[in-house]
Amino acid sequence: MAEIEIASYECRPDARTLTERATFVVTDYPTGTDEALLTYAAELKTGRQDVAAAFPDRLPTVHPVQEMARPLLDPFHNVMLSTTKLYFPLHTDEYFAKSPSRFVLLLCLIPAEIGGTTLVAHIDGIAADLDAETRIALMKPIYPTQVGPRPLLEETADGLSIRFNELEVMRAKEFNQQFLPLPEESRRAIAQLRAAAERRTRRYDLKTGDCLVIHNHRTLHGRTAFSGSAHRLMKRVRIK
């Protein structure tokens, strides 16, 4: 199993490299302010460090990601696993959005004491474990999302793209009654996709100053459950 690629902050990957390789851990990332996160977001968006030019209308939101005494709810009133200590299965961010963000930055400020291991799986490795019939089934635009039926796999300019969150598939079916039960071949394809992703999973224990950088259309990510008295804290930036 291939290891997650590591790069220093000074040698952080550009958008082209990230598109090709999909996942990096950038080490020694500045944690004192949000400036480095916003600057890198601008670089991935436009190739330049000018944050104002990259985001003329509104700066990206820097979200704290941490366990909360009362977990937050998503726009559809479901518990957000990112605000709990629970296991978060492999997924892409913003499964329920019309246009999910292209890149995601997750900067570790306080790691978990026990658990909280980062999980990632690259789409090319996953697809290599799927037979042609399963790939065809996953490319059919019939899988429920809150914005209408979509394919789970799709050929794009960036290469093979994935949109997947098995829990959200079930929630979307409950949210919108227009969806008919998925055909047996589609349910089987989801199970095979999950199994392939689990076989291809790479693991990394993030430390303070480590930033997980992913191409959200080409990487599944998640984390194991965690515990301990330390309040695990991450900062997340999504880039369209």
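In the predicted model, Asp 129 and Arg 199 form a salt bridge in which the closest N and O atoms are 3.4 Å apart. Asp 129 is located in the loop between helix 4 (123-128) and helix 5 (132-138), whereas Arg 199 belongs to helix 7 (residues 184-199), so the contact ties together parts that are 70 residues apart in sequence. Both partners are partly exposed: the relative accessible area is 29% for Asp 129 and 49% for Arg 199.

Helix 7 also contains Arg 194. The side chain of Arg 194 meets that of Glu 166 in a salt bridge, with a distance of 2.7 Å from N to O. Because Glu 166 lies in helix 6 (residues 166-175) and Arg 194 in helix 7, this pair ties together parts that are 28 residues apart in sequence. Arg 194 is partly exposed, with a relative accessible area of 33%, and Glu 166 is likewise partly exposed, at 26% relative accessibility.

A further salt bridge is formed by the side chains of Arg 238 and Glu 94, at 4.0 Å from N to O. Arg 238 is part of strand 14 (residues 233-239), and Glu 94 is found in the loop between strand 4 (88-91) and strand 5 (103-110); the pair therefore ties together parts that are 144 residues apart in sequence. The two residues fall into separate accessibility classes, as Arg 238 is partly exposed with a relative accessible area of 25%, while Glu 94 is buried with a relative accessible area of 16%. Burial requires a value under 20%. Arg 238 and Glu 94 also take part in a network of salt bridges that includes Asp 93 and Lys 240. Over the structure, the count of salt bridges comes to 17. Side chains of opposite charge can pair when their charged atoms come close.

Aromatic contacts were examined next. A pair of aromatic rings is described by the distance of the centres and the angle of the planes. The search of the whole structure finds two such pairs. In one of them, Tyr 9 and Tyr 29 adopt an edge-to-face arrangement, with 4.8 Å from centre to centre and 75° between the planes. This pair links distant parts of the chain, 20 residues apart: Tyr 9 is in the loop between strand 1 (5-8) and helix 1 (15-21), and Tyr 29 is in the loop between strand 2 (23-27) and helix 2 (35-46). Tyr 9 is buried, with a relative accessible area of 14%, and Tyr 29 also counts as buried, at 3% relative accessibility.

Tyr 29 additionally pairs with Tyr 40 in a tilted arrangement, for which the centres are 6.5 Å apart and the planes make an angle of 40°. Since Tyr 29 lies in the loop between strand 2 and helix 2, and Tyr 40 in helix 2, this pair ties together parts that are eleven residues apart in sequence. Tyr 40 is buried, as is Tyr 29. Through these ring pairs, Tyr 9, Tyr 29 and Tyr 40 are linked into a cluster.

Charged groups are also placed over aromatic rings. Arg 12 lies over the face of Tyr 9, at 4.2 Å from the ring centre.

Strand 7 (residues 118-122) and strand 10 run antiparallel and are joined by three bridges. Within this pairing, Leu 119 has Arg 203 of strand 10 as its bridge partner. In general, strands of a sheet pair through backbone hydrogen bonds, either parallel or antiparallel.

Finally, the search of the whole structure finds zero disulfides. Cys 11 is in no disulfide, and the nearest cysteine sulfur, belonging to Cys 211, is 15 Å away. Cys 11 counts as exposed, at 56% relative accessibility. Cys 211 is likewise in no disulfide; the nearest cysteine sulfur is that of Cys 108, at 9.7 Å. Cys 211 is buried, with a relative accessible area of 0%.

How values were computed: Residues are numbered from 1 along each chain as its sequence is written. This is a predicted model: local features need pLDDT of at least 70, side-chain atom pairs count only at pLDDT 80 or more; totals for chains, interfaces and linings use all residues. Side-chain values use heavy atoms; hydrogens and water are left out. Helices (H or I, at least four residues) and strands (E, at least two) are DSSP runs, numbered from the N terminus. Buried means under 20% relative accessible area, exposed over 50%, partly exposed in between (1.4 Å probe, protein chains only). Rings of Phe, Tyr and Trp (its six-membered ring) pair if their centres lie within 6.5 Å; planes under 30 degrees apart count as stacked, over 60 as edge-to-face and the rest as tilted. A charge sits over a ring if NZ of Lys or CZ of Arg is within 6 Å of the ring centre and within 35 degrees of the ring normal. Two strands pair if DSSP finds at least two bridges between them. A disulfide is a pair of cysteine sulfur atoms within 2.5 Å.
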